[in-house]
Amino acid sequence: MTATCPECEAEVPLDAQTVIGEVVPCPDCGADLEVTALQPAVLVVAPPEEEDWGE
Amino acid sequence: MSDVRVAMLVSRVRVEEKMILEAFARRHLAVELVDVRALVVDTHRPTPAWDVVLERCLQQSHAMAALRLLEDRGVVTVNAHRVVANCADKVVTTSLLAAAGVPVPRTLVAFSVEGALEAIESVGYPAVIKPPVGSWGRLLARVNDRDAAEALLDHKATLGSVAHQVFYVQEHVAKPGRDIRAFVAGGEVVCAIDRLSEHWITNTARGATTRNRPVTAALAEVTLAAAAAVGGGVLAVDLLEDGERLLVSEVNHTMEFRNSVDVTGVDIADRVVAHTLDAVRGGAGRRDALRAVGA
């Protein structure tokens, strides 16, 4: 399964265990991409880290 | 327990969330994955029929609001809202720990630049300044002299949000190139790691490496005391070694553990799942709460 990087239009490979909400790096441009749909897979640029994110 | 309705509340599915999903699957338990960004809670209607919600959000503000709403509608939550509230703000955490007699680094809280400067001079240089809300080592500062203190405080006062106008000042502990993270689930220390770094900030998010740390009686005692002080649950307690003393620096309520499983040999995700199931067994009756809101 692959999806298109919305930043650079590269084809990003996704393995069979990929779930919605996962973040994957684009192998071409390095952008962090969030999986928002599967079958077909859709990627959006992941939101940037905010001040109250963490453990 | 096969009829337990479990949801995991997330904002991003990290390695840890995938490990937890796999741990539920190994127990043949279905889990509804709920993106907090898609969650809408009507305060006059019952929530979806979950018995227990495991909260794994990145965003603490979202986590705390969602947990409060779910708990008030009879859903058992892990961790509980009050535990997250106690851990999310370092002022609250340290206050609770110190009041409970848990050893912590000397910490002063000030509410003005002048007060913060006085606090820094009181603990001496180097001093550590942390944002009350924050994680992954973000915006920690080690202040080595008065010039740096004045500059840092001026920047915080001018550029920071209101959240940065509460100044959390702590003595610097000359730890031996590492700190300790101890994992707690269900009132037990399940394992611990050393986090090693040449940098004074030893978060794995900042590149620290990990190795197994044997859980001694002394480590377990301080760790469990810290966990109890914030209300218990699934927690990661961070400790500093000050000579022979162990000082608790913080308690994490939505812990990351991807770098701790291989080195400890402990299936931390499964311990999280086990605690979640224990919580729902001992939790408040959902039906009673639903009746209370007229469902």
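Mentor: Helices (H or I, at least four residues) and strands (E, at least two) are DSSP runs, numbered from the N terminus. By that rule, chain A reads β-β-β-β-β along its sequence. It has zero helices and five strands. Two ground rules follow. The model is predicted: local features need pLDDT of at least 70, side-chain atom pairs count only at pLDDT 80 or more, and totals for chains, interfaces and linings use all residues. Residues are numbered from 1 along each chain as its sequence is written, while chains are lettered from A and ligands numbered from 1 in the order in which they are written.

Trainee: What box do the C-alpha atoms of chain A fill?
Mentor: Roughly 35 × 20 × 15 Å, along the principal axes.

Trainee: What share of chain A counts as buried?
Mentor: Buried takes 20 or more other C-beta atoms within 10 Å of a residue's own; exposed takes 12 or fewer, partly exposed lies in between, and C-beta atoms are placed from the backbone. Of the 55 residues of chain A, 22% reach the buried class.

Trainee: Why is A:E9 called exposed?
Mentor: Its count is 10 other C-beta atoms within 10 Å. The limit for exposed is 12 or fewer, so A:E9 qualifies. This residue sits in the loop between β1 (2-4) and β2 (11-13) of chain A.

Trainee: What makes A:Q39 exposed?
Mentor: A count of 6 other C-beta atoms within 10 Å, so the label holds. A:Q39 is not a glycine, yet its phi is positive, about 50°. Its loop runs between β4 (32-37) and β5 (42-45) of chain A. Most residues other than glycine have a negative phi, and most peptide bonds are trans.

Trainee: Which peptide bonds are cis?
Mentor: One joins B:V78 and B:N79, with omega about -5°. B:N79 lies in the loop between β4 (76-78) and α3 (81-88) of chain B. Another joins B:Y125 and B:P126, also with omega about -5°. B:P126 belongs to the loop between α5 (113-123) and β6 (127-130) of chain B.

Trainee: How many residues of chain A are in contact with chain B?
Mentor: In contact means C-beta atoms, placed from the backbone, within 7 Å. That gives 10 residues of chain A against 19 residues of chain B. The chain A side has three nonpolar, two polar and five charged residues. For those classes, Asp, Glu, Lys and Arg are charged; Ala, Val, Leu, Ile, Met, Phe, Trp, Tyr, Cys and Pro are nonpolar; the others, Gly among them, are polar.

Trainee: What makes strand β1 of chain B mostly covered?
Mentor: Five of its five residues, 6-10, are buried. Both faces are covered: B:V6, B:M8 and B:V10 on one side, B:A7 and B:L9 on the other.

Trainee: How do you know which strands pair with β1(B)?
Mentor: Pairing needs at least two DSSP bridges between two strands. β1(B) has five bridges to β3 (residues 52-56), in parallel. B:A7 has B:V53 as its bridge partner there. Five bridges also join β1(B) to β2 (residues 31-35), again parallel. Here B:V10 is partnered by B:D35.

Trainee: Which residues of the largest nonpolar core touch the most other members?
Mentor: A nonpolar core is a set of buried Ala, Val, Leu, Ile, Met, Phe, Trp, Tyr and Cys residues joined through C-beta atoms within 7 Å. Of its 70 residues, they are B:V52, B:F183, B:A226, B:V237, B:L239 and B:V248. Helix α9 (residues 268-282) of chain B gives the most, with seven residues. Apart from this core lies another of 13 residues, including B:A116 and B:F167.

Methods
Contact = placed C-beta atoms within 7 Å.
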